[in-house]
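Hello,

Here is the structure I promised to pass on. Please open it first, then read my notes below.

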Amino acid sequence: MSTVAVVDDEHAIRQALRSALAAAGYEAVEAADGPAAVDLVATTAPDIVVLDLGLPGYDGVEVVRRIRSFSDVPIIILSVLDRDTDKIRALDAGADDYVTKPFSVDELLARVRAALRRLESVSPSSARVRIGRATVDLAQRSVEVAGEPVRLTPTQWELLSEFVANPGRLLTHKHLISAVWGGESGSEASSLRIYVSNLRRILEDVPANPKHLLTEVGAGYRLIGVEPAD
Amino acid sequence: MRRRLPLWFRVAVASVAPIGAGALISQFAGVRDQTNLAFAFLLLVLAAAVYGGSGAGVSASVTGFLTFNFFFIEPVRTLSVTTRRDLGILLGFLAVSLVVSSLVAGIESHRERAEREAEDTQLLFDLSVSLSDAAELGHEMREVAELAEQRLGFRAVAVVRSGRIDDVLHGDVLHDGGVPEHLLRLAIAGGAGDAAVAAAPLRGGGKLLLIGYTHGGVDDRRRGLLTAFAARAAAAAERRASQEERERMSILQETDRQRAALLASVSHDLRTPLAGIKSAASAIATSSSESERQLLAGSVASEVDRLDRMIRNLLDLSRIHQGVLTPALEAVPVDELVGTVLSRLRPAIGRRAMRVDVPGDLPPVLIDFVQIEQALTNLVENALQHTADSAALDISASTRPDWVTIRVANDGPGIPAEDHARIFRSFERGRSARPGGSGLGLAIARAFATASGGRVELAEGERTAFDLTLPVATP
């Protein structure tokens with residue numbers, strides 16, 4: 001049975017999550033402030049952490065930073081809409097995903113399951129994966145759409161392989177820019193948008209109504225629906 | 001204004017003319033009938049009085065009297081008179097010509113005064129007309145200054161508002177008109193120098209100064225007219241100030257009205273879903289049927305979504321009202337924009353038919369991504385809210401030079417023409433709108449679109465459709 005650490009100062013949220021997690025077959029351990037959260041993760045070594053950003057003591061971003069100093073445990077942030085910058089700081093500090101409050105328990109459980117699954121399949125892919133109508137061969141560095149080969153520029157390929165290596169995971173703008181361009185400059189943010197848009201035209205049936213390469217407003221992008229091709 | 005020759009010149013001409021006439025007539029030996037000659041001289045006096053005024057009339061009378069005596073009364077070429085009859089003729093001539101010239105000159109000066117008054121009235125009327133035509137205070141003052149220049153014959157006219165602030169004299173130059181600056185400063189300090197300065201008091205304190213710059217002196221009439229101009233200009237400035245004050249008041253009142261509407265609407269709109277949640281929660285606690293509990297839990301969730309949407313809108317609205325809408329513009333592909341909105345709204349869209357027609361070759365748009373994404377989200381949410389769950393939604397995009405238009409259309413009931421203006425105002429909703437909205441979504445969409453240089457409009461046609469038009473990013 002996987003253990004989920006729930007960190008929130010709201011009693012009602014902890015209570016709701018405790019019963020929902022129990023019903024879904026997880027064991028929940030709880031903390032209500034920043035220092036307690038770090039202690040909890042250090043002492044119980046949970047399989048995953050669900051972390052509220054607005055905490056007494058020190059805030060969620062600081063908690064992420066401290067946990068990352070000793071653990072790679074997946075962290076899912078609970079954020080509210082008007083604290084978008086905190087959400088991005090937490091993601092850049094090493095959090096894996098986020099759910100915006102108010103959220104439904106189903107939504108949170110889906111994210112928990114996805115994060116745990118990514119943990120299990122450490123080797124990200126077989127050599128060939130299918131994304132919608134496209135087939136990507138990582139070894140051959142080639143892409144086929146409906147059986148026809150498609151040429152990618154080196155930058156497009158870098159971007160696509162970063163997505164394929166992290167299926168289902170939220171990748172922040174900062175993460176993608178440093179993975180593809182290797183720098184931290186801000187001017188690439190706009191080019192990133194254009195490159196993602198180009199990839200979407202290759203992968204999606206209707207680029208304006210994407211099913212695989214999704215935008216998370218103000219945070220980054222996520223590639224979903226990646227399947228082994230063989 | 002009719003200009004007259006100087007007085008000395010008129011008097012000189014009037015004095016010399018009878019002498020010349022007498023000398024000329026005396027050359028013709030046959031003309032000796034004194035009665036006819038007296039009439040001829042009277043005509044001269046009359047002419048002098050009409051054209052030269054009373055001074056010229058009197059001098060023509062006197063020299064006429066002497067010339068008549070000199071040339072035509074025996075003994076001729078002397079100023080002596082021998083007979084009683086001749087003396088009678090001479091004195092009679094003098095008396096009649098003096099009376100005639102003073103009468104005529106009186107009538108003439110009266111006519112001239114009337115003409116001048118009519119001219120002044122016309123001038124002030126012209127001033128009023130140009131004042132009422134002017135669009136703003138600066139224009140009004142320029143009109144006053146230019147009219148004073150042209151019609152009162154000043155080289156340049158300036159308008160200055162002067163007054164004491166903290167006991168120090170200040171001048172606010174409303175129109176300098178090219179008057180040298182030292183004269184403006186002198187006038188503000190209360191002097192005049194080479195200029196004619198007319199002052200009119202302002203109700204709010206201080207004075208309005210009209211500074212007429214000229215060479216040479218300024219007569220009383222021009223000075224008087226300049227003063228009348230100053231009074232009109234002051235009245236216009238005051239009218240303008242009170243109009244601005246009224247406008248400020250009405251903006252304040254409108255803000256107050258919006259605040260009151262906000263409070264009323266917020267407390268009502270937030271309470272409605274809360275009531276639903278409360279009753280569903282208590283029903284869940286007592287219900288014994290599993291399917292009923294599922295249903296109730298579902299309604300709690302959807303009421304919470306509604307509350308969340310309202311709070312998000314209120315946050316957006318408060319940002320708009322604080323004026324912190326500075327857009328962070330970047331080039332965004334249109335399919336990226338539409339795709340982001342659709343993936344965010346996927347839970348709300350559910351199983352609805354979505355027809356998406358966004359050509360891949362559209363140019364990118366130059367927008368604040370977060371704000372415009374919210375604007376488009378509001379338009380799509382609006383369409384989802386106002387149509388039945390089975391109704392299809394169309395999102396299409398098209399381009400024309402410099403602009404891309406994204407259209408969100410549905411087969412909804414349409415919006416009555418009388419509601420077209422209202423639906424974009426905060427807290428106003430179409431009369432046929434379904435319950436549940438806060439009346440903020442469209443107002444926010446429009447404000448965000450405007451901040452990025454675009455617009456949101458209700459599209460013409462049979463269906464209910466909104467157009468979000470955005471500027472193209474030029475590469």
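**Where the chains meet**

In this contact, 23 residues of chain B touch 20 residues of chain A. Keep in mind that the model is predicted.

Which elements of chain B give two or more residues to the side that touches chain A? They are helix 7 (290–321), strand 5 (329–332), helix 8 (334–344), strand 6 (354–357) and helix 10 (369–385) of chain B. Helix 8 of chain B gives the most, with 8 residues. By residue type, this side of chain B holds 12 nonpolar, 7 charged and 4 polar residues.

**The sheet in chain B**

Next, look at the open sheet of chain B. It has 5 strands, in the order 6-8-9-11-10. The pairing is mixed. Strand 6 and strand 10 (455–458) of chain B are the edge strands, and each pairs on one side only. From one strand to the next, the twist averages 15°.

Now zoom in on one pair. Strand 8 (residues 393–400) and strand 9 (residues 403–410) of chain B run antiparallel. They are joined by 8 bridges. What stands opposite B:Thr399 in strand 9 of chain B? That residue is B:Val404.

Finally, a helix packs on this sheet: helix 11 (residues 441–451) of chain B. Helix 11 touches strand 10 and strand 11 (464–471) of chain B. The direction of helix 11 makes about 135° with that of strand 10 of chain B.

Best wishes

Technical notes. Residues are numbered from 1 along each chain as its sequence is written. Chains are lettered from A and ligands numbered from 1 in the order in which they are written. This is a predicted model: local features need pLDDT of at least 70, side-chain atom pairs count only at pLDDT 80 or more; totals for chains, interfaces and linings use all residues. Two residues are in contact if their C-beta atoms, placed from the backbone, lie within 7 Å. Helices (H or I, at least four residues) and strands (E, at least two) are DSSP runs, numbered from the N terminus. Ala, Val, Leu, Ile, Met, Phe, Trp, Tyr, Cys and Pro count as nonpolar, Asp, Glu, Lys and Arg as charged, and the others, Gly among them, as polar. Two strands pair if DSSP finds at least two bridges between them. Axes are lines fitted to C-alpha atoms, for helices over the stretch in contact, and angles run from 0 to 180 degrees between N-to-C directions.
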